[in-house]
Amino acid sequence: MKWDQIKKKYTDNWILLEDVQIDEDMYISEGKVIYFHPNKEEIYKKLLELKPKRSAIEFVGNIPEDIAVML
Amino acid sequence: MKIYRTRRNGKLMAVRAYLKGPEAEHFPRLLIDTGSTYTIIGKEILKAIGCSLATSSRQKCIVAASGYMDIPSVQVERFNCLGQHLENMFVLAHTFPSSTYIDGLLGMDFLSKYVLEIRPKSGDIVRCRIQSPSR
């Protein structure tokens, strides 16, 4: 599935992709969505359960502008 | 010269990287972090690509905002980011809160190897071909 299609179908969800294709700017161009959930912890659980061969995790939606991080 | 457009996480900048482990490959999203000595990857991702944390004999003592932490260090077969790749790179394994929207940190152990211009206003990272002389 192309990224534009994924964006429309899985808005505001975390998605786990396999068979990921990346463009030259390292943006996801396409992949197969094997799981989606609004909570990223659930995506990690599924990642460890399925162990896809070529995967990525992405949030489909807008990241809050006011996110504040201190690591 | 190559310009990479980062994805903004609020005021922060993140890029997609590539990891290859013994069993699988993953493309984590990493925060550009010039304040981190090491590149750090989420534990779940390292486990999923077959890097065992349990058998890791290397630990690094890290000074974080919350105090000192001993963090396992594991070797990935291949690491690629910003058009550069490294073989058998050591990365640290840690858990990141999901609210950070990232899978790890791209630290100075990687960034300092290359001539990169980080442009916080535009969110671009420019990779220059000319390498700086060793110091």
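## The second largest pocket

In this predicted model, the second largest pocket has a volume of about 330 Å³. Its lining is made of 19 residues. W3(A), Y27(A), E58(A), R7(B) and R29(B) are the closest of them to the pocket centre.

By class, the lining has 10 nonpolar residues, 7 charged and 2 polar.

## The cavity

How many cavities of 30 Å³ or more does the structure hold? There is 1. The volume of the largest cavity is about 50 Å³.

Both chains take part in the lining of the largest cavity. Chain A supplies W14(A), K40(A), I57(A), E58(A), F59(A) and I63(A). Chain B supplies R7(B), R29(B), Y101(B), I102(B) and D103(B). The element that gives the most is β3(A), with 3 residues. Sorted by class, the lining has 6 nonpolar and 5 charged residues, and no polar ones.

## K40(A)

K40(A) sits in helix α2 of chain A, which covers residues 40-50. Is this lysine, K40(A), buried or exposed? K40(A) has a relative accessible area of 1%, so it counts as buried, the cut-off being under 20%.

Which residues does K40(A) touch, leaving aside neighbours within four places in sequence? In chain A, K40(A) is in contact with W14(A) and I57(A). In chain B, its contacts are S98(B), Y101(B), I102(B) and D103(B).

## The interface between the chains

The size of an interface is often given as the accessible area lost when the parts come together. Here chain B and chain A bury about 3100 Å² between them. Carbon and sulfur atoms account for 58% of that area. On the chain B side, R16(B), F27(B) and Y101(B) lose the most area to chain A. Together they make up 23% of what that side buries.

Counted by contact, 34 residues of chain B meet 30 residues of chain A. The two chains are also linked by 7 salt bridges. R54(A) forms a salt bridge with E25(B). The closest N and O atoms of that pair are 3.6 Å apart.

Definitions and conventions
Residues are numbered from 1 along each chain as its sequence is written. Chains are lettered from A and ligands numbered from 1 in the order in which they are written. This is a predicted model: local features need pLDDT of at least 70, side-chain atom pairs count only at pLDDT 80 or more; totals for chains, interfaces and linings use all residues. Side-chain values use heavy atoms; hydrogens and water are left out. On a 1 Å grid over the protein atoms alone, a cavity is a set of points where a 1.4 Å probe fits but cannot get out, and a pocket is an open set with protein on both sides within 12 Å along at least five of seven lines; lining residues have an atom within 4 Å of a point. Grid points are joined across faces, edges and corners, and a volume is the space filled by probe spheres set on the points. Ala, Val, Leu, Ile, Met, Phe, Trp, Tyr, Cys and Pro count as nonpolar, Asp, Glu, Lys and Arg as charged, and the others, Gly among them, as polar. Helices (H or I, at least four residues) and strands (E, at least two) are DSSP runs, numbered from the N terminus. Buried means under 20% relative accessible area, exposed over 50%, partly exposed in between (1.4 Å probe, protein chains only). Contact means heavy atoms within 4.5 Å. Buried area is the accessible area (1.4 Å probe) that two parts lose on being put together, summed over both. A salt bridge is a side-chain nitrogen of Lys or Arg within 4 Å of a carboxyl oxygen of Asp or Glu.
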